[in-house]
Amino acid sequence: MSGPSDYQPSNPALKWIERRLPIFGLMHSSFVAYPTPRNLNYWWTFGAILSFMLGIQILTGVILAMHYTPYADLAFKSVELIVRDVNYGWLLRNMHAVGASMFFFAVYVHMFRGLYYGSYKEPREVLWILGVIIYLLMMATGFMGYVLPWGQMSFWGATVITNLFSAFPYVGESIVTLLWGGYSVGNPTLNRFFSLHYLLPFLIAGVVVLHVWALHVAGQNNPDGVEPKTEKDTVPFTPHATIKDLFGVSCFLLLYSWFIFYMPNYLGDADNYIPANPGVTPPHIVPEWYYLPFYAILRSIPNKLAGVIAMFSAIIVLAFLPWLDSAKTRSTKYRPLAKQFFWIFVVVCILLGYLGAQPPEGIYVIAGRVLTVCYFAYFLIVLPLLSRIETPRPVPNSISESVLANGRKVAASVVVALVAAGALFAGTLQDARAAEGTDKPPAQKWSFSGPFGKFDRGALQRGLKVYKEVCANCHGLSYIAFRNLAEAGGPGYSVAQASAFASEYKVKDGPNDQGEMFERPGRPADYFPSPFPNEQAARAANGGAAPPDLSLITKARSYERGFPWFIFDFFTQYQEQGPDYVAAMLQGFEDKVPEGVTIPEGSYFNKYFPGHAIKMPKPLSDGQVTYDDGSPTTVAQYAKDVTTFLMWAAEPHMEARKQLGFQVFVFLIIFAGLMYFTKKKVWADAH
Amino acid sequence: MGGVATLWPFISQMNPDASTIAAGAPIEVDLTPVAEGQDIKVFWRGKPIYVSHRTKKQIEEARAVNVASLPDPQSDEARVKAGHEQWLVVIGICTHLGCIPIAHEGNYDGFFCPCHGSQYDSSGRIRQGPAPANLPVPPYQFVSDTKIQIG
């Protein structure tokens, strides 16, 4: 459709260039004059959204790479330093991490849209296959990016995923060694993943160019699936599609910003705030949410090789879709049976995603197998069969004809599928409740929760005192420097007070001119000294369990919220699992071990600690720390104060994040409104 | 030919480099501090190696099983060194997807993998779950009665 353009720039300089490289003509014919079907709905804006997200990911990624260190001993720390010390580092990191999720969210909408409206059918097969290739590249990029922060989930996710290749007979082990560059996941693996994670987005961008090229040759599909026939069926890309895409992008930005500014860790895993440890596997390894359906397929097959093959087939099968579904009618809108099955398939995918996050036991395994069969049956049985037996409704003669008639009714299958999904959720929920032995930490009221949350300065100062007098005997706080105490959004000390506080500490420095190490009073730039020189010493001094560093503890601890809470949490911005757990754990000690529970020698019973046997003795008791401001000196108050302090330590820029978030939202809402009215005006004649 | 030969260095560089291979040299482990019923975890080539001092009961359990009925048939005798039956030395990496199984857990007095629920017996053989093979026995030999060399 985009033939040679007759566009001629009027500016002589541009004319000069155009004669030698007709780039302005290309741009004009592709993005201005390009005819786009006039009946496109908002699902079609996701193409623009995806291009935008790719741009954002590359931009933020290149910037983050300027501050990141791809070395096993430093990677985790360098990410924390980006978030804490680089100007707006927290924003860039959140944009990139959340951006990956948003990118996948948009790509799934884009794919389901293609599936529903038959955008893979003749003559758009190559366009569709290029899309599948982009999706595969995205999965590889996303996986390698998740490894880079080098937390526990990064490390163990990398171990599990690379081990998938060991399933291949004969060559499997050699392939895995080749991927690792060692005998296990380690520094060489991190280095090459960083290199590839930097490379692949540019490959994606290259394939995207091919994708758009193929799109502009075949022309866009549309909700009615009939090709544009006359001028009346199309509108020019600019301004019609451009303004609509802009409105789509600005709405998407609202969702994106909701995560960036208000719940950056909602889509992540608390375990990834624990530095990678090759000696300890987390109890429950979960990939990022966008891989979960495939992970569920992998786990539901009891044979290892077959599981790996099934997982890859689940993606590869998409590439064969144009030939599996040979129905002549393109749009599912006019295929009553296909419509029912499409929505069932959507629910199957969502449920598989849910199951991928559940432990592989009991009813989850059975449900996983049933749904895996459903997933493949949709492609291999339902679609080929439907294309032979289904009688589609008549399609409109032209796009302009269909624009006039616009009624809609909800497919009965949506209701059926939703009820089935609800029943299954309820079933698994009961199962999950039965499996739970541990009490859930009670939700507390925190001054820092919600969109306008701020730290209670008094609580921060009291919490610092509790940390210093009690916790610091065993626990480090190694990412917090004394200077942080005087920073905005912190405990509110002056620079002089922070210096005085620092000088109370002895810090090891050196070597001096004699080559010896020496001790000197702390300075604001120094970090809180750790009570033990290394992990082994900490372990030895504490009965085999090393007290964890507390800098990130409120982000590194969480508990299962379960369905449906995790959905409500998205709207209420509940982000305080970590603080709730820490505060509850500090108060959860009980002298009397309940009936039927045995705990090992040298451990203490704690109601909220997973497994109940904790090596830490009850750390707080009433009246232990004196307060100058008259606050009650009770365990409950101590726990609350020290947890508030630790939440600040885990995210010193939280107030800045929420403040900026509010400004961004005000701007975006106004901007989206303007876009909407401009769009209405532009489209007034087209509808 | 030339093309393939040129390609080789670009692929070969991905394999473990000289220092990684050198760091993977054999290590010696002293067994004296490991009491009966206890086990230690040592790292060799970045992999955790479980050295278990098995109890009489564990050895008997491992030997009472009908070998032919196992998913990956292997007798306990073939997995330990003759004369040192109490010592089980296995690579503590689940043969499913590489997590580290927990010792002394599961239904078979052996190992339990927390990731996908594979269970190994007191000889490190797979008994239940998705893992296809037994925990591998690393190359090792007894230097003396109380010392082994792994590698």
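A residue counts as buried under 20% relative accessible area, exposed over 50% and partly exposed in between (1.4 Å probe, protein chains only). Keep that scale in mind for the tour of this predicted model. Local features need pLDDT of at least 70 and side-chain atom pairs count only at pLDDT 80 or more, while totals for chains, interfaces and linings use all residues. Residues are numbered from 1 along each chain as its sequence is written, chains are lettered from A and ligands numbered from 1 in the order in which they are written, and side-chain values use heavy atoms, without hydrogens and water.

**Stop 1: A:Ser250**

Select A:Ser250. Is this residue buried or exposed? A:Ser250 is buried, because its relative accessible area is 0%. Show helix α10 of chain A, residues 237-262, and you will find A:Ser250 in it. Helices here are DSSP runs of H or I with at least four residues, strands are runs of E with at least two, and both are numbered from the N terminus. Contact means heavy atoms within 4.5 Å.

**Stop 2**

Chain B has four helices and 10 strands. Follow them from the N terminus: α-α-β-β-β-α-α-β-β-β-β-β-β-β. The C-alpha trace spans about 60 × 35 × 25 Å along its principal axes. Of the 151 residues of chain B, 41% count as buried. Chain B exposes about 7200 Å², with 57% of it supplied by carbon and sulfur atoms. Accessible areas come from the Shrake-Rupley method with a 1.4 Å probe; for residues, only the protein chains shown count as cover.

**Stop 3: where chain B meets chain A**

Bring chain A back. Select the contact: 23 residues from chain B and 25 residues from chain A. Together the two chains bury about 2100 Å², 63% of it on carbon and sulfur atoms. Buried area is the accessible area (1.4 Å probe) lost when two parts are put together, summed over both.

Next, pick B:Met14, B:Leu97 and B:His116. They supply 29% of the area that chain B buries against chain A, more than any other three residues. Then highlight α2 (18-23) and β2 (39-44) of chain B, the elements that give two or more residues to this side. The chain B side divides into 12 nonpolar, eight polar and three charged residues. Nonpolar means Ala, Val, Leu, Ile, Met, Phe, Trp, Tyr, Cys and Pro; charged means Asp, Glu, Lys and Arg; the others, Gly among them, are polar.
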